Structure formats: C-alpha cells, structure tokens
Amino acid sequence: MSINNVRLAQVPTQTVNIAAPKTQVKEAQEIKGDYQLTMVSPLLAQMLLAQSKKVLANNSVSSVQNVTEAQKRVPGYKNDLRDMMTHNKANIIAVIPRTMNAQDKDGNELIQGDEISGNFINAVGRLDEIKDLGFNTQHVLPIHPTGKTHAMGTAGSLYAPKDFLTLDPELVDENPPEEVRKRVAELYEQKTGKKLEKMDKNDPEVAFAQCKYYIDECHKRGIKVMLDLPSCASVDFARMHPELMAIGADGKEKVPQGWQDIRMFKSFIDEQRRILNKPFVDMLKKYVDMCVDLGFDGIRADVGRARPVEFWNVIINYSRAKDPQFAWLAETYTHEDASPQLNMPYDRPQELLEVGFDSYYGQYHNYSDWTKADVLYDYVKENIDMNNQIGAKCGPKSLIGSFATHDDQSPMLYGGAPWVMFTTILQSMLPQVNPYIVDGIQTGDFYLYPYEHALVRDSETDNHECTVHSGRLDIFNKSRKPGGNSPEIAQVVKSAFALRDGRYNELNPNSKVKLSMTNAQEVITKGSFITLPTNNPEIIAFARHKDGKTLLFIGNRNINLKVGGKIEIPGLKPEQKFENLMPSYGEECKFQNDGQGSAVVELGAGRACVFEIDDKDIEKLSKAENVLQQKYL
Amino acid sequence: MTYISPILSNSLKQNNKSKKQSESHYNKIYEELTRHANDVKPNAPKAKLIKGGPAHAVKNTIKDGKNFFKAVKDGKLSDNNLGRINDLGMKLGALTIASFLASRAKTKTDAIMQFVGGATFFASMSLWPKLFINLPARIVHGFDIGQKYVSAQGDEKDFFLDNQFLPWDAYSKDELRKIGKRTGIDYDSPNGEEKIQRKMQKTALQNRTLWMATAGFATPLLTAMFGNFVEPKVKNAVIEKGYKKALDIVTPKLFYEQDGTGVPKTGLADYLANSKTDVRNVAGIDKLFKKYSNGVLDDKFYSELATLLELNSAQDSVQGKGEETIKRIYQMFKDPDDYEPIKKLHITTPFVDELKNIQAETAIVEPNSLENALKGFRKPIKEANSFVMNGSVTSTPKEVRLDVAKIMQEFKESADKTLAGLKTVLKNNGINNEEDFEIISKSLSFDNSKFFETIKEYNETVLPEIRGRFKSYMNLFNSVMGSKTESKTTQLYLNEIDTILKRLNFNYKDLKVVSENGILAQKTQGYLTKYFSDFAQRTQNLNPEEYKKALKEFLSISFDSDLLQAMDTLVDPNNVQSIVDGAKAAGDNSIFKRLNNVIIGTKNQIGGLANTLLNFRNCKQDSVEAIKAKSLICINFERRVANGEFKKALKEAKLISEDVLKDDTLDYNRLLEYARSTVYDGTSAKDACNGNIGSAAGDFYKKLRETIYNPEFFNTEAEFLKETANSVDNKKLIPFDLKKIVKGLGSLNESEIPKRDYLKSLSFSQAVTKRATEIFNNKSWARIFVPMTAALIAVTLLVQPFFGKIDKEFPDENKNGGAK
C-alpha cells in the first residue's frame, strides 16, 4: 500500500477547534500535499512534516508502526487493542491482580496470615481459563501501592494510589517457580542492566519485571491488557505532592463527594484561562511511558471527566505517538449539565470521545431499570446516532457492555444466574458494544463477603474495618478469588463469545445446531441493528444483518414471568425454523413460525435466544426507522 | 484498521532506531502537545439559559398537559416532567374546586370570586418570589435567582433548583464577569470565577430558603388582600352587567313596534321564550317509576319523586309549615336570589292552599287513598280474602291491606283466573256495580301508568318551561331591584349610606365605636346629630325655597328614569303573567293549571306573584323614600332645636314647666336627648306604636311625641318630599305624605302611618350602624393583615443585602495548594 493512498479520515484526536496562526496552517497544508491531514496542532504538523520529507517511505501505516518493547518480548504479538475496541471486537474481563488468584485456605474469604493473596505470578494461573471462555481483553484494576491514611479497608482502596509510577509490592511473588524466576530475572536485567540478586518485593523493578511477565503471558494467549488509571490520589500521595493537588477556593483540599480516602488533582494551574498544571501532566506522561514500557495495550481512565479535555488532548496523543494502537477506555456515562457530585466535574462523553477516547462505559448498568424493550432500543439509537454524528472526524467509537461494572452490585443479586446469562447473550449481540464482565460474574459471584465491616487486628492501613460496598466486588481488602457456584454462566459466556468471534462451530463441536454463515463476527460487530415489532413490550427482539446474513435475538427481560407474544420478522420465510444457538437454561421457550412473516413465541423468564435465519431482505423490508447502522466502521 | 498519520508514524519509526534518540523525540512531541493543549476546547454546553414570561408559562402548562397524556398513553415520562405534572394537577384541582364552589355560590360575585381566588392564589404564588425575592435580589446582586434553563434533555428547570447541581457553563464568562462586577468580585482575580459562582450559589440558596420560609404567609396574605381589593370591583361589574342586560331587555324599543299596535314593546317575551331549562332527572324518574310500576306508591316513593322533581314542597305544605314551604318553593326554582323577594311576599293562605291542591292531585293513588277506597268494601274484601286464602277473616284495616297484598300476589301468578275469581267473589257478595269494580280492580292491580305519564309530561314539558322562564325573569328582577347585594337598587341605597358615612368623615376609631355599640347605635346617633345639626344650623336662616334647594343637594338619592322604567316593566302584571303564558303550549294538564295559579295568581290577588313583585318594587322604592323622609324628620328636629322652636314648643306643651323641673327628674337636655333618640331611632317609633313606651310614660310622653311630630312644623319638608318624588316619564309616583307620617308617629298609632315601608325599613341609625360595621370589619381586617404583609415585605427586602456573604469561606488565598 502506498502511503499516498492511506486513508486518513480516522486519524484520532486531532479534532476540534484548531487555533493557530494562519501562516502556519497554510505552510502545513502546502507540505502535506494531497493528504487529508488533520493534526493536533499546525506546529506539530510542521515539525513532523519537515522530518518526513527526509525519511518518508512508501510503507503502510501498520508496517511503519514502532515496534514496542512488549512486541519484542512476545513473538507474534502485536497491539491492536484500539482497533479491537473501536470495531467492537474486544471481549473484556475486569480483574484485580490482588485477588485474582488468591488462595483462601480457611474459607473466611479474607486473605490473612500465611494465606497467599493474588499477585502477578499466580494470576497467570487463571489466564487459560479466561482465554477459554473467549475473553481477549483484560481490564486490570489499579496495581499501584495503596495509600494507608484515611484508608478504606484493610488493604487500601485500589483507587487510592500512594504512587502512580510504581507498582504495588504486594503483587510481587517473592518465591515464584524456577522457570518464572528465570524469565523475571531476564526482564529485570533488560530493564536495569543489573542481575537480579533477590526477588525482593521492595525493589520496584522486581514488581515491574513480574508485571511484564504477567502481561507477556496474556499476550502469548492473545489477551490484550488495559490498565486502570485512577482519577484521584490517596491522602498519602497528596501529602507528598501538594503541588499536584486541587485546593478549593475555600482553601480546602478537594475531596470527591463520598470518597474520603482520596483527593482530587489540580488539572489547571489557571482554571479560568484553562492553563494545564504541567507537573501533573508530566506525571501522567511518565505514567503512559510506564504503561507502554510494561506492555499494556491501553488504559481505562477512571472517572474520565475528572480531567479536562486539554489534558486528554496531550496524554492520549502522546500515548498514540508511542503506540498508535494504544487504546483508551473512558469511564464516562452520560451527558450531564452539571455534576451531582461535589468537587467533581460534569460528565460529557461526547467530548471525551472526540478528544481521543475509543470506548466508553455508557449507561447499560441501568438496564435493570429498563423494563420495556423500547428503552433499550432508544439507548442503542442514541449512541449510534452520536457516533454517526462525530464519526466523520474521529472514527468509530464503541461502548463496553457495562451491564455490571465493579461499581455496581453483582447482577446475581438482581436476577441470579438467568439474569446474568440473559445480559451476557444480550450484550454479545448488541451493536457498538464490547462485552464486559467483571471477574467472578462468569460463575455467579454474589460479592457478598462474610467479613463485611468486620474489625480485624492486622491491617495494612490505618483502618481496621473491612470496608466493603455490599454486593460489590471488594476493592478495599485482600479478599478471596472471585467466583461463584453457577458454572452454567461460563458456558453461556463461551458460546456467546464464540458466536461473536466467528468461531461458533469450532468451539461448539457437539452442538446439534450448526451455524451456516461464515461471517458471524462481521454480522455482530459491523452489521445493521434491526428492531422487530412485537405485541409485548417486554420482549426484546432484534436482528443483526450484514451481507445477506441474519442473526436474530429474542429475549424476555422479565426475570420473574414467562411472556408470550408475536414478533414481526420482515422477510421471514414460512419454512424457517427457529434453532437456538445459545445454551438452554431455565424455563423452556417455544417458537412457532406462523407462515405469515411472524414468529409466535413463548419465552421463559429471563431467557435469551439467538437464531440464524435465512432472511436476505430483512433490512430492506423493515421500516427505515427500525434499522440502525453504525457508520465509519 | 485504524491508521495514524503516516508522517507521524514515519518519524516514529526513524526514532525507534535509537532508543535514546527516540525518547528525546517523544519528549519533543510531548512538549509540542503540551504547548498546544488548548487547541481543543470543551464542547459548548447543551444546557441553555432562557427567559420566562407569561406566554412561556402558558406554553409550559400546555406542554405539561401533553406530557400528562403521553405518560398515560405510553407510560413514558422523564422525572422532571413527571414532577411538573404536579403543577398541572394543582391548577386543574384549583379549577375544579373553584367550579364546584362556584356552582354552590349564592351570588354571581361569590361564584366569580371562587375563580378569582384560585387565579389570585396562583398569581400570588408566582408573583411573590418574582417581585419580592427575585427582583430585589437581581437589583442587589445582579443576577436572577429565578433563572431558568433548558437541560440537555430538553426539560425546562430552575437553574438554582438543586443547589448542588448547577450547570454553570450555561453562563458565559462575560455574564459571570458582569455579575462579578456587580458583586464586587473581579472575575480575573484568583479563584474569581469560583467566588462569583459560590456567591451566586449562596445567594440563590438563601433567597430560595427565604422564599420557602415566606411563601406560606405571603401567598395567602397577597391572595386575600388582592381578593379583598378586587371583590367590590367584581361586584360592581356584575351589577352593572346584569343591570345593563336587564335594561336592554326591558326597555321598550322601536323594533318591537312592528306588530302594528303602535305600542313600543320590550324584548322580554323573546327573552323568556328562549329560557327553557334542561329536563332533569329523567333517568332517575324512569327508574323510580319502573320500581313502582306495579307497587303501592308509598311515602318513600313520594319523597324520592319530590327530590327528583326538585319539588319537595308538596308534603310539607300539607303539614302547614308555611316558612318551610316557602323555602321549598325557593329550592324548586333553584335560584338563591329568588328567596328574598319571595319571602317579602308575606305569602298567605291562597298560595299554600294551591299547594295542597297539587298534593291532592298527586295523591290519587296513594296508599291511603287505596285504603279509603277499600273501606267501603270491607266486607266483600273480607269475603274475597276468605275465598282466595281459604281462611277466616277478622282483620283490622291494617290487616286488610296486608291481605290485599296477598291477593295481588295471587293475581300476579294467575292474573286472568284470579281476576275473574275476584269478580265472581265480588258479584257473589253483591257488588255488581262496574264502577265500584273498576275502582277496586284498578287499585288492586296498582296500575300507576296514568299517574306516571302525567308526572313525566309535567317534568319534561311544563317544568322546564316554567323553571326557565321563572329563573330568567327573576334574574332580571334581581339585577334591577333584588334584595341581595347584586341589584341596582341595593347598590343605590348602599351608595347613599356610604355617601353619608363619607360626609360624617368617620375615621377608624369612629367606625370601631359605631360597630361595637350594636343595633341601638347610640354612638351613631351622636355622629348623626352632628351631621344633621350642622346642616340645620347652616340652613336655618334660609327661606323655604333656598332651604329646599339645600335639601336637594343634601339628600341626593334618587332613581333615574331608566331604573324606574325597568322596575315598572318588571312588575307589570301582564309581563309577570307571560312567565306562564308562554309555557302554556308546552302542556295543559291540571298540574299546569294549578301551578299557573300558584305562580301568578289572579291579578292583584294577594299572594300571587304579580302582586308580590309589585309590592316588592314599592317596598324598594319606599325604602329609598324612607331615607329621605327619615332624614327630613331629623333635619326638621335639629332646625327646631337650633332656632329654639322646639324648646318653645316644649314650654307651650308644658313639658318643661316649673313642676317638672322641680322634682329634678327631667331637665331640658335630658328631654332633648330622649326626643332626639326618638327621632333618630326608628325602633323607638316602632316600640311606641306597639305601646311599649307610651303606656308607661302616660300623657307626658304622649305630649312630647306630639310636640316632636307636630305636622304643622313639617310644611316645607313635606313639600320637598312631594316635589322630589321619583317619576317615570314625568309621571310622579305617589310619594310619602310626610305630614301624615309624622301625624301617625306622633299619635302612637301605627295604623295612622301610611301602609308603606316607612316602619319596616331600617331606622336611619340602624342603617348607618350596619354599614359602618361592614366597613369597620373590612378595615379592621386590613389593619391586621396589611401591616403584617408590609412587615413581611420589609423583612424580605431588608435581608437581601446580607445574603451571599462568602468572606468566611474564602479566608485567605491559598494559591499553592497542598494537603494538610
């Protein structure tokens, strides 16, 4: 591919309000020739263009991407997480290394004494399981040393880092297996130029090396890894770095409402003129350096709105300079006119996407309140419309299937395993969505910890109370390995992800139902979304369609009652049979083709089914307002 | 695949060749990026500040209505819009309550005031914060705490509704800078924007708290004060409108001369012809009839029927409850205003008798009638019982009735057979007369259909016509001269009293004294004495003509010719007759005929409506004439006191002889005061007529009264009264003969006072006292609540400058930050 032919429309981040002297812009335009170049700034463009004149080669972009250290460490691995996320191909699991593979011997679910908490090395033991289920991306919750002052829980909140540029020594395994030790030592030596004498958790480079080992193991299995960047700092950090911290006009530290263990950063040195606080940005620049060096494929930005667009404009672009495929996931939900949370800015997903984020959380965590199918459809439409509106200048954007994040109560508490299976299948079939599951949910963890609010003698923090947000994943204590007693959920996850990855027949060799289409992944990740009229508002019925191939989702979101109804399926052939591609669970479902273009269904409580149907014309025959298509994919 | 700029990529590739060089290059890129961080800016806010206003409020109410129906239909509504439906509910609720209360109001003014009250309440609720909180806050602090905005979701909200959810970026920097300038905060100073926002936030919070704290008092106070202010205006408007309408209808017009009689006619006939009311309670009556179609028409039936016909008069009237009957009749026509004039009728026997006849008419098939009918055939019935029931018969009349019921039951089971059987039994018992048999069989079969038909015809044809015409007629009558406050004559009368009060120059204290001294109004008499004696002194040296001229100016009350014409038309018996004349075509049954007589009566028959209305008109007119007459008597008295004639007359009558003075029981001043109270206080005259005073005082008091009311001294006043009598088309109505009146008053003989309304109307001091009390009540209410409102407003305004203080919140400028 000639570089002159490279399509540039999707160049990220260089989006809005370029303000520079006209002469500079003109010069930049002259230099770029035929390219549709949209740069961060004319000055940067000018500088880079001048360099390119000397060294420009006719290579495709992919070939000219810099080879990262992580790439060098794992042959065959290449970061494409950004593409995966923007093109809805990431199946994400959120994990906490501190608890991921912890070994709770006494069964009290709290890791104490000689019990082994999760660490970078034993976490590797779970990677095959994760891969087997079809996850190809990890969202790793923060791995930094936690603050110990005014702390929440006995281990400190993951989101109250004491330091952003080192890793939590508690995640170091000081006695790893020999072959692991050797590999870690190599990595240590590569970085420091020194031989590893002792696997000392207090040596920050040991933690870096073990983290690299963990990431490499993920990469070897085709799993991309995103690190969680906390939005605030611990009280300990704030005491050490007062120049970075936000002080209100009242002279007090800014504390995000409800989180007494953390302090807000000062993003601006001059808020009225919106001049960034350079030392703060510098620190985050180093953070990006660290992530790229460790081999992370992207960053999940905690509370994206906590930092302004100017900040992200620098940091995201900088990460892309180092790794164009470096992915950014924003914890941002919905447009707010104002923030309901004291000391926290308002939430504006669109501007975060425009400035460079690839994906965002959205509002699927509210799905349990959406009792009618229309609400879901409206939300899908809202997001596709927004992406289609901004896509021309910043490319495709996606959501994660945030039906339950670590901030939410376990969905098991809402509707048990059927509800989790229902939402798993649903999110795996929705457009513009990367399925997202918090570790433990795949086997039905209720996140109910017996030590909740118990007082313990041994604490790593100044708090002896085992703080737990009831029903939520424990991020404050060293807790047991996540997991529950509903292995059937894992089967559903596996089947649903196999279908969306286009590997259904391969991964379900014993299934009676065979998928005849070969482009299932394309249908699900790129196909149109067609809502199907029903006479029962609780029935969710939609089709995904691409290149003449159609998948059908039919589900009952009512977890208490069986529902029945009629679904109009434009173009449905009278002889079409309905064979469910998903594992069966709960009450039986009945489907009948009425021969007149409709399916008459009876759906068990919380049941979700997916069918392949031969309906080439469904898109044409459906009402225009029922057909949604994400452009710019 | 997502691509990055090839130029950027290429440069990166080159730089990767040397790590050291690469890092340096990344640093350069980073520095470049940081220098141009501000090339991007936050997106423009979706929330927009908006301006409100009445049109906007109306638009919102309509929108709320639409949202309500949307919510009902689809079950979809945002929380904000759901909350707003509450406002809509309040408005609709208020309207419903006002409508309900208005439907039960006794006067049109009251009915209108229900709506005015509701509207005023909402207006007060809206205006209080706007005028006394938002406006001063805006003047003092430079921004609108009632600022509204449209959210990103399109919902309209108060900007400061939730003090912790303030979409600040809806305010532009320039706007904040301006507000900062006004509040003394430099926007460009450190934390300037935050300080301004905090000040606004605090000011708004304090003001909104003040609003919440004061609205509970302010809204009802403003509502009541505004209502109080508006009510007289509404009342006057109602009177004027009603009066104008009445004039339009009853004033003879050329248009109506077309019938060739040459006599100008009014639009009254046409107006009445279009006054048919709705047929009432048809379904209820049908249901009742169905229930009793083959049953005994018992007391309960009549009670229910009377209720459904809104004619509960019948049975009561039979029981002789005259007053109740009148009230029932009043209810029959359902117009509260009608009661008073009808009451004035002094309804007498013929009216009640007619009602009794109506009762008799309806009582044909009453249980009692049946029993009576059967009484004459007791023996045969006993035989019949014996035959049918195969039992012995020794029953009382009561038991007979029970037995009859059993017979009826048997008849129902085998009608033809048993009827024939009964006939046979009757024949066997010597009852061969077909007429007798007819009566019995009719009674036994309880065939009520004929009666029901009559009632239905009455309800559906006659009653609506009569009701409609009567109501319309009485509406006109009341607009012109009803006793209720909403009539032109009452307005005239009250205005005259008000004029006198105004001349008396009563201050609040005076009003209080008058109102607190009750009906005897002794204090009032004191004021009136001054009022009349001043006039008397002013005019005592005038010759009779000049004196009459001064009197005309002083006693200004009079009916204008339009009003007199309208009164005359409405009491014309021919016109009253037209109430039923026009309805004749609707039905011609016995009930109608009797009703005709009840309402209209024969011409000039006492108790008939025509005569009553005529009398009533006279009363109204006389009450005005009485004011003049009573005033003239007072003036005359004061003139004679002032010029010494009264003292002289007392001496001549030997009422102040040495003997009288000797025993020290009476002196001149005490005698004068007694005489004055006799003159001013009509009750005294009444008592005198009833002999309550005269008998005790003997000749002395008789002489005193004869002295006060000596007709010889009333020549000029009598002439004046005669000359200024009201007239229609220059035809003077018969005025009071003042000389005759005073002669009657002096003689202690009521029968000698002309049979007019002189004694029946309020005494002069009573009227003034009554009116003064009303004014005092209004004023005393105002004296409590106006200062209260003023204090509330003052406090609300005065605290404004103290709001929004943020000095303590920003003690020192901590520019370096730092955790503590």
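Student: How many bridges join β1(B) to strand β2 of chain B?
Tutor: Bearing in mind that this is a predicted model, three bridges join β1(B) to β2(B), residues 148-150, and these strands run antiparallel. Within that pairing, Ile50(B) has Lys148(B) in β2(B) as its bridge partner.

Student: And which strands form the open sheet in chain B, in what order?
Tutor: Three strands form the open sheet, in the order β1-β2-β3 of chain B, with antiparallel pairing. The edge strands are β1 (48-50) and β3 (156-158) of chain B, each of which pairs on one side only. On average, neighbouring strands of this sheet are turned by 40° against each other, with direction ignored.

Student: Switching to chain A, what about β1(A): are its residues buried or exposed?
Tutor: In β1(A), residues 92-95, Ile92(A) and Ala94(A) point one way while Ile93(A) and Val95(A) point the other way, and all of them are buried.

Student: Which strand pairs with β1(A) over three bridges, and which over four?
Tutor: Strand β12(A), residues 433-438, pairs with β1(A) in the parallel sense over three bridges, and there Ala94(A) has Val438(A) as its bridge partner. Strand β2(A), residues 137-140, pairs with β1(A) over four bridges, also in the parallel sense, with Val95(A) standing opposite Val140(A).

Student: Where does Val140(A) find its bridge partner in β3(A)?
Tutor: The partner is Leu227(A), and the pairing of β2(A) with β3(A), residues 224-229, is parallel over four bridges. Both faces of β2(A) are covered, with Thr137(A) and His139(A) buried on one side and Gln138(A) and Val140(A) buried on the other.

Student: Now helices: how do α12(A) and α13(A) cross?
Tutor: The axes of α12(A), residues 278-294, and α13(A), residues 309-322, come within 10 Å and cross at roughly 30°. The two helices are therefore roughly parallel to each other, angles under 35 degrees being counted that way. Their crossing is right-handed.

Student: Which residues meet there?
Tutor: From α12(A), Val281(A), Leu284(A), Lys285(A), Val288(A) and Val292(A) meet Phe311(A), Val314(A), Ile315(A), Tyr318(A), Ser319(A) and Lys322(A) of α13(A). By class, this contact has eight nonpolar, one polar and two charged residues.

Note on methods: Residues numbered from 1 in each chain as written. Chains lettered and ligands numbered in written order. Predicted model: local features only at pLDDT ≥ 70, side-chain atom pairs only at ≥ 80, totals over all residues. Pairing = 2+ DSSP bridges. Axes fitted to C-alpha atoms, helices over the stretch in contact; angles between N-to-C directions. Parallel < 35°, antiparallel > 145°, perpendicular 65-115°, else oblique. Left-handed = near helix turned anticlockwise from the far one by under 90°. Contact = placed C-beta atoms within 7 Å. Nonpolar A, V, L, I, M, F, W, Y, C, P; charged D, E, K, R; others polar. Buried ≥ 20, exposed ≤ 12 C-beta atoms within 10 Å, placed from the backbone.
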